[in-house]
Structures are given as structure tokens and as C-alpha cells.
Amino acid sequence: MLDVLDPYTLKRTLERVNELRRLAAVSSDIDFLRQARRATLPLPLDRPQSVDGEVFSRPRRHRIEALEGKRVAVITSGGSGGCVALIGAARAFEEAGIRPALISCCSGSVIWGAMWAAGLTAQEMADFSLSWRPEAYLDIQWARLPRFLFSALRDFTGLAKGEAIERLFDKQTWSRRAAELQIPLSTIVYNMDLGEVEYFGTARTPEVTVGRLVRIGIALPLFIESVAVHGHLYVDGGIIDLFPAEPVIADPSIDHAFGINFMLPRRFEAEDMTGWQTHRLAVLRASRQLQQGYHLELARRSRRQLGERLTLIDPIDYTLLRGVSFYDLFIDRRRWPQLIRQGYRATRRALEAFGSAGGRVERHAGAETRRQDRTSPPRR
């Protein structure tokens with residue numbers, strides 16, 4: 001009984017209460033429930049989801065002289081379906097004629113970071129992503145669930161297997177291994193057996209396939225099962241560090257890095273909640289600070305270590321990924337074209353600002369205003 005008073009247990013209890021409150025809020029959203037059902041229990045009569053595939057206008061080439069001949073890295077945070085905005089970022093890099101020397105990613109951003117590293121163009125990335133159906137990358141183990149329950153969850157590490165998305169990427173990339181990628185890729189992973197953060201990818205695990213890297217990237221504990229590599233079970237390392245900058249920090253040959261943040265508050269600055277204790281359910285409100293506190297602190301430390309070598313980009317409204325919306329944005333692709341365009345605009349602004357000032361500017365490109373976030377730009 002006293003285990004309930006353990007600090008980690010108390011913290012997790014507050015998180016669960018908040019999750020239940022958000023679940024109650026969205027449970028009346030018929031559209032969300034319909035999308036969740038389609039993703040987890042697809043039926044033969046389900047029609048394919050209609051998604052706008054016209055994402056980009058004509059390319060607008062431009063040179064960034066300050067970055068010519070430089071080794072540029074891209075660091076991407078996690079952020080579920082919000083990470084699809086990375087496709088837009090890739091388009092902005094293409095137009096500037098910049099090919100990253102390294103892509104470091106975690107969680108959902110591994111999906112699109114792996115595509116970029118494999119050599120797909122931004123248009124190919126968009127076409128591939130917008131053609132998916134949820135059942136193509138979510139394989140819930142409903143048939144095995146009774147066995148797990150009767151065996152007291154023996155051998156259970158997650159409700160979904162993740163094999164579908166591994167097959168999807170192996171097919172798209174011809175089972176390419178990390179060593180064969182056109183752009184070096186690094187992904188942060190967490191060794192569940194040893195309780196250690198590790199890095200997989202081109203440098204550390206050249207023999208691991210792209211499909212396996214992506215599968216580990218989306219392996220959220222309990223939701224998607226752990227993935228076996230070299231005799232150990234691994235899950236997404238974004239549960240520990242949501243802005244995996246370590247490979248870039250450790251590489252002195254990198255001249256500049258662009259950090260693309262999808263899920264943490266803008267500029268890694270927490271919301272000012274002064275006076276929170278005077279509100280109703282004050283402790284639950286403040287628990288949000290506790291939930292993201294260590295992620296933010298690790299991200300700030302990385303920002304300080306990179307210093308002038310880092311430009312931060314916040315392409316989307318991070319509040320879109322709170323609570324159950326984190327999952328909704330992953331299974332419902334209808335908003336993806338808008339997010340892709342936002343990623344493009346924010347990254348292009350950052351590159352242009354960097355170039356116009358010769359790299360001597362305060363290196364941050366914020367998300368568009370919320371009014372702009374909720375509208376799509378006219379296409380040319």
C-alpha cells in the first residue's frame with residue numbers, strides 16, 4: 001500500500017488522471033471515435049480516407065550562400081503525426097540545394113527522417129505518406145489479447161506489433177540497411193532490458209534495416225510492442241530524450257544544425273503558470289509542467305551545448321499533440337497536407353533569414369500564428 005506514495009507512482013498517477021480527463025473530453029467527438037475504430041478495427045466496407053494530395057506548388061529555388069560548402073545537420077523532435085511537417089522541411093532544403101550531412105531523429109520523426117535519408121524527394125515522401133491507410137501501419141493484436149490476459153501478460157510488451165510498418169518501409173526502401181542510406185541517419189532508442197539510451201543508425205548499427213529503425217521509433221511502451229535487436233528489446237528513445245542532439249553535439253565537423261521541434265513548447269520555454277495554485281484542480285493543471293519537465297530540460301541543455309551552431313524551428317502548434325490528440329493526429333491523415341505546408345513555410349523562412357544575415361541572426365524560426373496554423377495557403 002505504501003508503494004502508492006512512491007514519488008514516481010504519484011507522478012504517473014497525476015499523468016493518468018490528466019489522460020482520463022482528456023479522454024472524457026474527446027469521447028463525445030464522434031469523428032475521432034470513427035477514425036479510431038477505422039484504424040484499430042477496419043471493416044471490409046470502410047472506404048479509403050479522402051486526403052488532399054496536392055501539397056506543393058512549383059519549386060522556388062534559392063541559394064543560401066552562408067551555408068554553401070558547410071556540413072549541415074537536422075535534428076528532429078518526436079511528435080506523432082505532427083512530424084509529417086518534416087516533409088515540408090525537406091522540400092525547403094531541396095529548394096535551397098542543401099543536403100544534410102546527418103539527420104538525427106526520434107519517435108514519429110524517424111518515419112519521415114528515414115524517408116529523407118533513403119533519398120526520397122519531398123514529393124515522393126508526400127505521395128508515399130498520403131497514400132497510406134491506418135491499417136497499413138497499425139496491426140493490433142486483438143486475437144492474441146485473451147492469451148495475454150490468461151497468462152498474466154507474460155510475453156506482452158505492446159498491444160500493436162509494428163510489423164506492418166516495418167514491412168511497408170522495407171518494401172519502399174528495398175530492405176535497405178542503415179549503411180546504405182544516402183544521408184547518414186541516427187535514431188535514439190531505449191534498451192528496455194538494460195535501462196540505457198543508445199543510438200542506432202548509419203554509424204552505430206549499419207546492418208539494421210530502415211524498416212526496423214522505423215518500427216523501433218514508433219514503439220511506444222505498452223501501445224506498440226518492443227523490438228528485438230542483438231538479443232535485447234528496444235523502444236523509442238524519445239520517451240527519455242525528445243530532442244536527440246547528442247550525435248550532432250559529438251560531431252565537431254558539423255558546422256550548423258537546424259532543430260525542428262514539433263512537440264515541445266516553442267523555443268523550449270515552458271508555459272508561465274504563475275498563480276496556478278489558485279485555480280480549481282490546481283495540482284492536475286501543474287502536472288503538465290511535471291510531465292514535460294525533464295524533456296524540456298534535456299532539450300535546453302542540448303541547445304546550450306550547440307550554442308551558435310543551432311537554429312530552432314517550430315513549424316506547428318505543439319498543443320495539437322496534447323492528450324489523445326497525440327494519437328488522433330497519427331491515425332487521421334486529413335490534416336497532414338496542412339502540416340506539411342507549415343513545415344515548408346517555417347523552414348524556408350529560417351533558411352532565408354539565416355542566409356540574408358550571413359548566419360549572424362538570433363537563430364529561431366517560430367511557428368505561424370494560430371490563425372495561420374488553422375488555414376491552408378493558396379496554391380499557385
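Me: Contact means heavy atoms within 4.5 Å. Which residues in α3 meet residues in α4?

Reply: From α3 come Leu-86, Ile-87, Ala-89, Ala-90 and Phe-93, and they meet Ser-109, Trp-112, Gly-113 and Trp-116 in α4. By class, this contact has seven nonpolar, two polar and no charged residues. Here Ala, Val, Leu, Ile, Met, Phe, Trp, Tyr, Cys and Pro count as nonpolar, Asp, Glu, Lys and Arg as charged, and the others, Gly among them, as polar. A word on the basis: this is a predicted model, in which local features need pLDDT of at least 70 and side-chain atom pairs count only at pLDDT 80 or more, while totals for chains, interfaces and linings use all residues. Residues are numbered from 1 along each chain as its sequence is written, and side-chain values use heavy atoms, with hydrogens and water left out.

Me: What makes α3 roughly parallel to α4?

Reply: Helix α3 (residues 86-95) packs against helix α4 (residues 109-117) at about 30°, with the axes 9 Å apart. Angles under 35 degrees count as roughly parallel, over 145 as roughly antiparallel, 65 to 115 as roughly perpendicular and the rest as oblique, so α3 is roughly parallel to α4. The angles run from 0 to 180 degrees between N-to-C directions, and the axes are lines fitted to C-alpha atoms.

Me: Why is α4 called roughly antiparallel to α8?

Reply: The axes of α4 and helix α8 (residues 210-217) cross at roughly 160° and come within 8 Å. That angle therefore makes the two helices roughly antiparallel. Val-110, Ile-111 and Ala-114 of α4 make the contact with Val-210, Leu-213, Val-214 and Gly-217 of α8. Those residues divide into six nonpolar, one polar and no charged.

Me: How do you know that β4 and β5 pair?

Reply: Two strands pair if DSSP finds at least two bridges between them. Strand β4 (residues 185-191) and strand β5 (residues 196-201) run antiparallel and are joined by six bridges, so they pair. For instance, Ser-186 has Gly-201 in β5 as its bridge partner. Their hairpin has four residues between the strands, and Gly-195 takes a positive phi near 70° there.

Me: What makes the aromatic pair of Phe-56 and Tyr-344 edge-to-face?

Reply: The whole structure holds twelve aromatic pairs. In the pair of Phe-56 and Tyr-344, the centres are 6.4 Å apart and the planes 70°. Rings of Phe, Tyr and Trp (its six-membered ring) pair if their centres lie within 6.5 Å; planes under 30 degrees apart count as stacked, over 60 as edge-to-face and the rest as tilted, so this pair is edge-to-face. Phe-56 lies in the loop between α2 (30-40) and β1 (72-76) and Tyr-344 in helix α12 (residues 336-356), so the pair ties together parts 288 residues apart in sequence.
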